Amino acid sequence: MSAALESLLDLLDLEQIERDIFRGTSRSAVVPRVFGGQVAAQALVAAGRTVPGDRTAHSLHSYFLRMGDPGAPIVYSVDRIRDGRSFTTRRVVAVQHGQPIFHLSASFQTYEEGLEHQADMPPAPDPETLPTAEQMLPRYADVFTDPGVMDRLLEARAAVDLRYVGAPPFANVGTPQEPRSQVWFRTNGKLADDPLLHVCMATYVSDMTLLDSVLLAHGRGGWAVGDVVGASLDHAMWFHRPFRADEWLLYDQESPSASGGRGLGQARIYTQDGRLAITVIQEGVVRVPRD
């Protein structure tokens, strides 16, 4: 296991300070605020720790309310909305400096048999044939206006092996493309067999690239390049089938719409053997900076 993955696992191992109240810290991000995937994953950890062990997360719906302060702890308060025979519902509010910065609702279910069908996995190359972040990012060092961005990108992704199938948005600035992107990802090391951990790790990664397809549609390089400003607004995930975040997962992403200073991304995450594991939808602020 890499040191970066150990650090991320420590980040997700929240401190319980009271019944249904947990506290977490933050790690450095590419931009000077708390990374949205981090607060979403931590909130899901908090919710999951109040749920019986035989129930696994099947969906989450969340809103990013305020920009998080990476230098301050985050307190997660869990509300036990419902404990039914098959489903358990939790609501989590993340608070900093006395104000809510994030809200999450999550539902958990006991395993049961049922009807089965799924969308087919799209074609994608073998992830082992694609360049790693360490191999790819230096090629585009000249497009980042801040010389420290590349190092921060590498640091932010050190715990996860994330490989672009095509060129990332910052590779072809000024050239609009099809609003679709793919990445393969897995953690840089093996994880324990706890299903909640794998779901939370996928939640963490899901916020890294989902709005890339919005940027591609308009030939924009992204926040790291400085030709857009933005932030996540809301994030929803449905967990369909068991998966492991330490094994290759294909993140197939597209953007059906952008308007009103907002862009929508939707995606499906498949296991390497073709099982549809997760569906993700996110809307974010995507604005062109004023001169």
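**Ground rules.** I number residues from 1 along each chain as its sequence is written, and I leave hydrogens and water out, so side-chain values rest on heavy atoms. Because the model is predicted, local features need pLDDT of at least 70 and side-chain atom pairs count only at pLDDT 80 or more, while totals for chains, interfaces and linings use all residues.

**Entry 1: the sheet.** I started with the strands (E, at least two residues; helices are H or I, at least four residues; both are DSSP runs numbered from the N terminus). I found 12 strands in an open sheet, ordered 1-2-4-5-6-3-9-12-11-10-8-7, with antiparallel pairing. To pair, two strands need at least two DSSP bridges between them. Which strands stand at the edges? Strand 1 and strand 7 (160-164) do; each has a single partner strand, so one side of each lacks a neighbour in the sheet. Neighbouring strands are turned by 25° against each other on average, direction ignored. For angles, axes are lines fitted to C-alpha atoms (for helices over the stretch in contact), and values run from 0 to 180 degrees between N-to-C directions.

I then looked at what packs on the sheet. Helix 2 (residues 36-48) does, touching strand 2, strand 3 (55-64), strand 4, strand 5 (87-96) and strand 6 (99-110). The direction of helix 2 makes about 50° with that of strand 6. Contact here means heavy atoms within 4.5 Å.

Entry 2: Strand 7 pairs with strand 8 (residues 180-187) in the antiparallel sense, over five bridges. Leu162 stands opposite Phe185 in strand 8. I also checked Arg163, which sits in strand 7. Is Arg163 buried or exposed? Arg163 counts as buried, at 8% relative accessibility (buried is under 20% relative accessible area, exposed over 50%, partly exposed in between, with a 1.4 Å probe and protein chains only). Arg163 forms a salt bridge with Asp161, the closest N and O atoms being 2.9 Å apart; Asp161 is buried too, at 9%. Leaving aside neighbours within four places in sequence, the contacts of Arg163 include Pro127, Glu128, Trp184 and Trp248.

**Entry 3: other salt bridges.** I count a salt bridge when a side-chain nitrogen of Lys or Arg lies within 4 Å of a carboxyl oxygen of Asp or Glu. How many does the whole structure hold? The search finds 16 salt bridges. Arg80 and Asp20 meet in one of them, at 2.8 Å from N to O. That pair links distant parts of the chain, with Arg80 in strand 4 (residues 74-83) and Asp20 in the loop between strand 1 (15-18) and strand 2 (21-24), 60 residues apart. Asp20 is buried at 9%, whereas Arg80 is partly exposed at 32%. Arg23 bridges to Glu15 at 3.1 Å; Arg23 is partly exposed at 33%, as is Glu15 at 40%. I also noted a network of salt bridges linking Lys190, Asp193, Arg244 and Asp246.

**Entry 4: helix 5.** How many residues of helix 5 are buried? I get 11 of its 12, among them His198, Cys200, Met201 and Tyr204. At the start of helix 5, a side-chain oxygen of Asp194 reaches to within 3.1 Å of the backbone nitrogen of Leu196. I also checked the length: at 1.5 Å a residue, helix 5 (residues 195-206) should span 16 Å, and its end C-alpha atoms are 17 Å apart, which agrees. The expected span is 1.5 Å times one less than the number of residues.

Note on methods:
Polar contact = N/O pair within 3.5 Å; in protein donor to acceptor, adjacent residues only side chain to side chain.
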